[in-house]
Amino acid sequence: MSTIDLRSDTVTKPSAAMRRAMAEAEVGDDVLDGDPTTRRLEQRVAALLGKGDALFFPTGTQANQTGVAMCTTPGTELVLEANAHLVHYELAGVALLAGVQIRPVTTPDGLLSADLVKAALRPASPHVPRVSAIAIENTHNAAGGRVLPLDRLRAITALAAERGLPVHLDGARLWNAAAALQQDLPALTAGAATVMVSLSKGLGCPVGSCLAFDAGRRAEAWEIRKRLGGGMRQSGILAAAGLYALDVNLPRIAEDHANAKRFAGIVAENDALKPVPPDSNIVMVDLAREDGSADRAVSALAQAGVLCTAFGPRRLRFITHLDVSPADVERAARIVAKVLA
C-alpha cells in the first residue's frame with residue numbers, strides 16, 4: 001500500500017484544478033509594473049485578515065522577517081514565546097537581519113499570556129535594552145499546534161497598545177486557529193501591526209505566504225522584501241494557486257482537525273504512546289517507555305509506510321492535511337499503534 005506522509009502539511013501536491021488555475025493565470029512583471037493576479041491575491045488576503053494591504057512573499061520566513069523589521073528598531077528586544085518559530089527555525093534572522101535581540105518568555109504550554117509578557121518588559125534604564133515589539137505565534141508549531149485563546153490574545157494586544165509596542169503575528173497556521181476557535185480571521189488579527197499567513201501550510205499551495213499590514217505601509221514592506229531578495233516577476237502563476245486555495249481548500253480545513261483528533265484517539269489505545277490532545281492539525285505523540293527513541297520510531301514507521309518527524313528525544317510529530325483522507329489517517333494511526341507497541 002502507498003506511504004502515508006504525515007511529516008507536515010507542506011508536503012501536499014497541487015491538485016489538477018490548482019495546476020490549471022496556475023497555468024491560466026493572467027500575469028505581469030510584479031517588480032516593474034505589477035502582476036494582476038498577485039495583486040488580486042494580496043487584496044483578497046488583506047480583506048480576509050481585516051488589514052489595509054498585503055504583500056506576497058515566496059516564503060513564510062521571509063515574510064516573518066519583514067514583519068519583524070517593520071515592527072522593531074535595531075538594538076532593541078523582541079518579546080516572544082521561548083519555543084516560537086522565530087526563535088528556533090529562522091536561523092537567527094531576527095538578530096542578523098533586523099538587528100534585534102530576542103527576549104524569550106518561557107511558558108508551560110507554548111501559550112503566551114499578558115502577565116508573562118508584562119513580566120518580560122524591562123523597566124526603563126540606560127543599562128538594559130528596551131523592548132520595541134512583541135511577537136505572537138498562532139497556532140504554535142512547537143507546542144503541537146496549540147491555539148491561543150481569544151481572551152489571551154486580546155489581553156496581550158491590549159497590553160501592547162498600552163505600552164506603545166507593535167505586535168507581529170506569525171500566523172503561518174492562522175487559518176487553523178480561526179477554524180479551531182470558530183472565529184472570523186479579523187478577530188484574531190485585531191491589534192497586530194503585521195500578520196504573516198502561509199499558503200503552503202494547510203492550504204495546499206506549492207509556494208507562498210503573505211504579510212498583511214495597515215494601509216500606507218506597502219512601500220516600507222516592499223523595500224524590505226526587495227532587500228531580502230523577495231521581488232518576483234510573473235508571480236501570478238504562484239498567486240493563482242493561493243486564490244484557488246482560498247476558494248476551495250480554506251473552507252475544508254476543519255476536516256484536518258477532525259482527522260487529527262481521530263488519529264490521537266486511536267494512538268492513545270496503545271499504553272506505550274501518549275498523544276497530546278490536539279487543538280488543530282498537529283499531533284504530538286510521546287513515547288512513554290524509558291527506552292523509547294524518537295529516531296528509532298521514525299525509522300520503524302517509515303519502513304511500515306508512515307512518515308513522521310522526531311520532535312525531541314522521545315516525541316514524534318504528525319500533521320494531518322488535505323492529501324490524507326480519513327481512511328488514510330485511521331490506517332496510519334493503527335500502524336503507529338501496532339509498530340510502536
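This is a predicted model: local features need pLDDT of at least 70, side-chain atom pairs count only at pLDDT 80 or more; totals for chains, interfaces and linings use all residues.
Visitor: Why is Thr-157 called buried?

Guide: The relative accessibility of Thr-157 is 12%, and since buried means under 20%, Thr-157 counts as buried. The residue sits in helix α7, which covers residues 150–163, and, leaving aside residues up to four places away in sequence, Thr-157 touches Ala-190 and Gly-191.

Visitor: What makes β5, α7 and β6 a unit, and of which hand is it?

Guide: Strand β5 (residues 131–137) and strand β6 (residues 167–171) pair in the parallel sense over four bridges, and a pair needs at least two bridges. One of the positions involved is Ile-136, whose bridge partner in β6 is Leu-169. Together with α7 the two strands make a β-α-β unit, and that unit is right-handed.

Visitor: What else pairs with β5, and how do you know that β5 is mostly covered?

Guide: Strand β3 (residues 77–81) also pairs with β5 in the parallel sense, over three bridges, with Leu-78 standing opposite Ala-133. As for the covering, seven of the seven residues of β5 are buried.

Visitor: Why is strand β8 described as largely enclosed by the rest of the structure?

Guide: Strand β8 takes in residues 209–213, and five of its five residues are buried, so the strand is largely enclosed. Ser-209, Leu-211 and Phe-213 point one way from β8, whereas Cys-210 and Ala-212 point the other way, and all are buried. In a regular strand the side chains alternate between the two faces of the sheet.

Visitor: Which strands are joined to β8?

Guide: Strand β2 (residues 53–57) is joined to β8 by five bridges and runs antiparallel to it, while strand β7 (residues 194–198) is likewise antiparallel to β8 and joined to it by five bridges. Cys-210 is the bridge partner of Phe-56, and Val-197 stands opposite Cys-210 as well.

Visitor: How do you know that Ala-221 is buried, and what does Ala-221 touch?

Guide: Ala-221 belongs to helix α10 (residues 218–227), and at 0% relative accessibility Ala-221 counts as buried. Among the residues that Ala-221 touches, not counting those up to four places away in sequence, are Leu-55, Thr-66 and Phe-213. Leu-55 is 166 residues apart from Ala-221 along the chain, and the C-alpha atoms of the two are separated by 7.5 Å.

Visitor: What makes the buried residues of α13 line one face of the helix?

Guide: In helix α13 (residues 294–304), Ala-294, Ala-297 and Leu-301 are buried. Seen down the axis of α13, the buried residues fall within an arc of 55°, so they line one face. An α-helix has 3.6 residues a turn, so residues three or four places apart point the same way. On the other side of α13, Asp-295, Arg-296 and Gln-303 are exposed. What covers the buried residues includes β10 (282–287), β13 (315–319) and α14 (326–339).

Visitor: Why are β9 and β12 placed at the edges of their sheet?

Guide: Four strands form an open sheet in the order β9-β10-β13-β12, with antiparallel pairing. β9 (273–275) and β12 each have a single partner strand, so one side of each is left without a neighbour in the sheet. Two bridges join β12 to β13, and Ala-310 stands opposite Leu-316 in β13. Helix α13 packs on this sheet, touching β10, β12 and β13, and its direction makes about 40° with that of β13.

Notes:
Residues are numbered from 1 along each chain as its sequence is written. Side-chain values use heavy atoms; hydrogens and water are left out. Buried means under 20% relative accessible area, exposed over 50%, partly exposed in between (1.4 Å probe, protein chains only). Contact means heavy atoms within 4.5 Å. A crossover is right-handed if, with the strands pointing away from the viewer, the path from the first strand over the helix to the second runs clockwise. The arc is that of the directions from the helix axis to the C-beta atoms. Axes are lines fitted to C-alpha atoms, for helices over the stretch in contact, and angles run from 0 to 180 degrees between N-to-C directions.
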